[in-house]
Structure formats: C-alpha cells, structure tokens
There are 2 protein chains.
Amino acid sequence: MADQFVHINGAIRPMGEAAVSVFDRGLLYGDGLYETIRVRNRWCIRFDLHMTRLANGLAALDIRIPEIDFQTAIFDLLTANSLSDARVRLTITRGESPDAGNPTTVITAVPLSPHGLDPTKAIIISHRRDETSPLTGVKTINCLASVMSVIEARNKGADDAVLLNTSGNAAEATTANLFAVSGRRLLTPSLDQGCLPGTVRAAVLDLAPGLGLDAVEACIHPNDLGAADELFLTSAIRLARPIVELDGNTIGDGTYDICARIRESLLRDEQPEDG
Amino acid sequence: MADQFVHINGAIRPMGEAAVSVFDRGLLYGDGLYETIRVRNRWCIRFDLHMTRLANGLAALDIRIPEIDFQTAIFDLLTANSLSDARVRLTITRGESPDAGNPTTVITAVPLSPHGLDPTKAIIISHRRDETSPLTGVKTINCLASVMSVIEARNKGADDAVLLNTSGNAAEATTANLFAVSGRRLLTPSLDQGCLPGTVRAAVLDLAPGLGLDAVEACIHPNDLGAADELFLTSAIRLARPIVELDGNTIGDGTYDICARIRESLLRDEQPEDG
C-alpha cells in the first residue's frame, strides 16, 4: 500500500496526501453515492451500466455531475498503482456546501480479492430495505444497515445477510442482488421490492434465455428462498456466488449448475475479444 | 473562517490541515454517528444527555469509545476559535478498518446562528423513518432521507419536513423532535415511533408538569397534527421552534403560549447560576 495513489477532485495524489475536509457532507451526513467497478486487464466491466446508474443517482440526489472523464481518470489511476485487475470505487459527495454545486469526487483502485467468488452462508436479518423510499435504487453511502447486518451475520457464523423489505419479502443481500433457481425459473426480486439495480443483476437477466431459463422479476417470500434449487448472489466485484446455507438450513453444496454456468459466462465476457 | 480550528483524533489543528482519509468508513459507508451540542457562555447545554446518547449509539454500532475527554477537547476548541456561544459537532466514525477498533473523532465548533429560533413552515414528506430498524434511536450519519426531505421542503416553499414512520404515524422532523399541544395535553411521538431520543425532547417532557401540562408520548396520526392548538419542533441547537403551517394549512401565527413558555424556560436554564 506504500506506493498507492488516489484520484481526488481531478488529480492523482499519493494516499498519504489524499484526504477530504472534515466539513465534507459525505462525512457529516452520508450525503453522496458510489459505484464499485470490476476491472480486468485494464477494462472496466459493464462501465456504461455503472455510469448510467451513477448519473441517475446524482440526479435523484440533486448533485451536479463532476466535470471529470471517469474512464481516463480510472486508466491513469490503474497506471499509477500498477494494476491491471482491480476493484475501483468512485465516491461522489455533495461537497462542503449544500448549494454550491461543487461535489467531491474520490476514486480508489485496489487489487481484486482472490476470495471474491467463495460460497456464502447467509442469514435473514432484521434490518430492512424500505421499498417505498424515494432513494430506493440509488447506491448511496448510507450503508449502515448493510454494515451492521454483515457484523451480525459474522457474529452468528455466517458471511452475509439477506434483507427483507417493509412488506416482509426478499429485497437483496447487503451488497449484492439475490437470485433463486426453481426448476427452469430464475427468480430475483423486482426493483420495486427495494433492491439496487445491480449491473450484474441486469447481465444475468440478459443471459437467462440463452441458458434455457425463464427469468422472472418477482415478489419473493422468504419461505420460497429456502425451497429453491439454487440460491446465489450477484455483484459487480464478486460476480455470482452460491449461497450454500440460509438461516442454518442447507440449500446445497454450492456446486450449482445454473450459478456455475452464469459465472462462467460472466468470466468469459471479461476476456479480450482476440485472446 | 480563516482562523478556524478543528479537533481531530485528539489534536487541535487549523481547518486547512484537518482532513480525514479517503478510506475512512464514515465517508465510504456513513459508518458512524454524531452529536450536535449547544454551547452558551462556554457551557455545553445538557452535556450529560449527549454523552449518554453517544455512548449508547457507539455500543449499538459496535464502535469503540474514543479515548478522548470530550469536555476538555470542546473547551480547548472553543478557546482556539474564540467562541463562547457555539454549535459544537462531535462526529465519530469506525475509522479505516472494520476490525481495528481505531475510530476517527472530529469535533468542530462554529458560531450559533441568530436565525435558529425562527418559526417554521413544514410539509409532510414521503421519506419515512423505519421504526422497526435496530438503528432507531441512534444518531447516525446516514442522514440522506433528512437531507433530501429538506431540499424537497425548500423547493415547495417550506423550511422543514415531518417524516412519518412505516405505519403512517408521525415520527419526527428532519433534525428535530415534534410536539403538539391539544388543550392541556402535550403530545410527542413515543420513541417506538422511530424518532431520535432528543436531548431537548427529554427536557421538555420534564418541564411539562411544571407548566400544568400532561405530557403524553404517543402514536400520533398526521391528521391529529393539523388539528393541534400548537405545533413545535425541538432540537439541541434550535430549542423550541413554532410550526406555523403544515402542508399549506395554517396552524397558527407562531405566538404560541406553551411553545413560548417552554422556550423561555429552556433559555433560562442556560443562564449561569449567579447571573
């Protein structure tokens, strides 16, 4: 980490010099949003989907779009940090003033974890997503429900948690979307259930017909999760990860046919066209 | 602001040198909490109530209590900034690592606004408090629902917003508790309705018998707010502020007898014992 660089408000700086004002509204009020992008061979996977979601989120929060070419900024940062595979995070806050239209932009790039694709034990948690919130679908930095859910999951011997919505139906995991396979049906909570519009979620829904699956965005009761043939999580960084256990009940051993084929397809998409 | 100082992790620094790491979890995930304390004549009003709520919040978030004497730190900061009346904010985040037990502490002190006690027009907003959340009652920095509610209120010609809970009953305003006077009854949402346990809320409940009022912590339907004799907001910084209009309907002209007497009593408590 000694030679790590960070992109902040348009300039690349050594990590030790990269800091944000204590009056930044991101720190004071969680007044901002973020994107986490998987980078393979210096290629930002599903970059356009991330940029679309970011623009929608900034509009929802009434934060001005920073005048930064994110693609160039990320390439420069990867070069500075000598990375070709990376987890890139873009964080944009409203800045120091609520009115000035002067947002703070931070970009970080760290190595991809080799453990990202491991099977997961999950619990259903008492923190909820409010599917009626005007902020539903915005990837804000108000992440405490997810933070505390992961802490509680780990304290109970699990790795991650599934959050229900205020109607008692499944919404998503702490930082991932949720999929269930039942026969030839591939189910995931619809966006009105309070989940984020995940980039890999969208890719998986696109893949389903080619795998002979009926993709269904639905209202899913937690009882239906336990009865599924396969359960898995999707996220930009960790792609598709099997859930092997939910609330202590075994779903399977994680060698899921559909999940594996989806993961292979997602990984294949990351190869350069000409090898 | 040129000579302003900030307290950060145990040391007082010039504002220009006071910054937090871009890897601080407060900035990345809103992983922290805060207190805002009213200071008059270098006296922290209701300091013990703030410290109790802070300790409860840190326990709820599983963040270690920083090894800082907050009272001394605040006095030193007031001296550095040449302030005797101030709005002091304490922000504590989990720091850079989820496991290291090395929280970040920031203390700022700025002048009290002279406009703090002005009457308020409020609207009822579509953002909600989740009264079932395990984080209810913790003053976290996940404030986006309040931030966006204020923006929407101002866009609609109001000053502040009243948030309902997921059951449709009144919870609180964006950064204040809510009181309604009906005859000799002084009503405020009970803590299980999803409001913060405000320090001035507690003080007002204590004051009520001396003013000949029955204080009732209750479940309050929004229709009952419109029918109240008086509506007012309470907060540590702004004490008791009349609501003169709710959703465009006039409640009164703001010269409320009970609200005024409560405010006078709160202000009297701020005078040094011997004049």
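1. In this predicted model, the strand that gives the most to the lining of the second largest pocket is β3 of chain B (residues 19-21), with three residues. The pocket has a volume of about 260 Å³. Its lining comprises 18 residues, of which B:Asn9, B:Ser21, B:Asp24, B:Glu96 and B:Thr104 are the closest to the centre. By class, the lining of the second largest pocket holds seven nonpolar, seven polar and four charged residues.

2. Chain B has an open sheet of six strands, ordered β2-β1-β7-β6-β4-β5, with antiparallel pairing. At its edges lie β2 (11-14) and β5 (43-44) of chain B, each of which pairs on one side only. B:Val39 has B:Cys44 in β5(B) as its bridge partner.

3. Two helices of chain B deserve a remark here. Helix α2 (residues 47-61) of chain B packs on the sheet, where it touches β4, β5 and β6 (86-93) of chain B. The direction of this α2 makes about 175° with that of β4(B). Helix α3 (residues 70-80) of chain B also packs on the sheet, touching β1 (5-8), β2, β4, β5, β6 and β7 (104-110) of chain B. Between the directions of this α3 and β7(B) the angle is about 45°.

4. In chain A, six strands likewise form an open sheet with antiparallel pairing, in the order β2-β1-β7-β6-β4-β5. The edge strands of chain A are β2 (11-14) and β5 (43-44), each pairing on one side only. Inside the sheet, β4(A) and β6 of chain A (residues 86-93) pair in the antiparallel sense over eight bridges. A:Tyr34 stands opposite A:Thr91 in β6(A).

5. The cavity count, with a threshold of 30 Å³ or more, comes to one. The largest cavity has a volume of about 30 Å³. Its lining consists of A:Leu33, A:Tyr34, A:Glu35, A:Arg53, A:Leu54, A:Gly57, A:Gly137, A:Val138 and A:Lys139. β4 (32-40) and α2 (47-61) of chain A are the elements that give two or more residues to this lining. The lining of the largest cavity divides into four nonpolar, two polar and three charged residues.

Technical notes: Residues are numbered from 1 along each chain as its sequence is written. Chains are lettered from A and ligands numbered from 1 in the order in which they are written. This is a predicted model: local features need pLDDT of at least 70, side-chain atom pairs count only at pLDDT 80 or more; totals for chains, interfaces and linings use all residues. Side-chain values use heavy atoms; hydrogens and water are left out. On a 1 Å grid over the protein atoms alone, a cavity is a set of points where a 1.4 Å probe fits but cannot get out, and a pocket is an open set with protein on both sides within 12 Å along at least five of seven lines; lining residues have an atom within 4 Å of a point. Grid points are joined across faces, edges and corners, and a volume is the space filled by probe spheres set on the points. Helices (H or I, at least four residues) and strands (E, at least two) are DSSP runs, numbered from the N terminus. Ala, Val, Leu, Ile, Met, Phe, Trp, Tyr, Cys and Pro count as nonpolar, Asp, Glu, Lys and Arg as charged, and the others, Gly among them, as polar. Two strands pair if DSSP finds at least two bridges between them. Contact means heavy atoms within 4.5 Å. Axes are lines fitted to C-alpha atoms, for helices over the stretch in contact, and angles run from 0 to 180 degrees between N-to-C directions.
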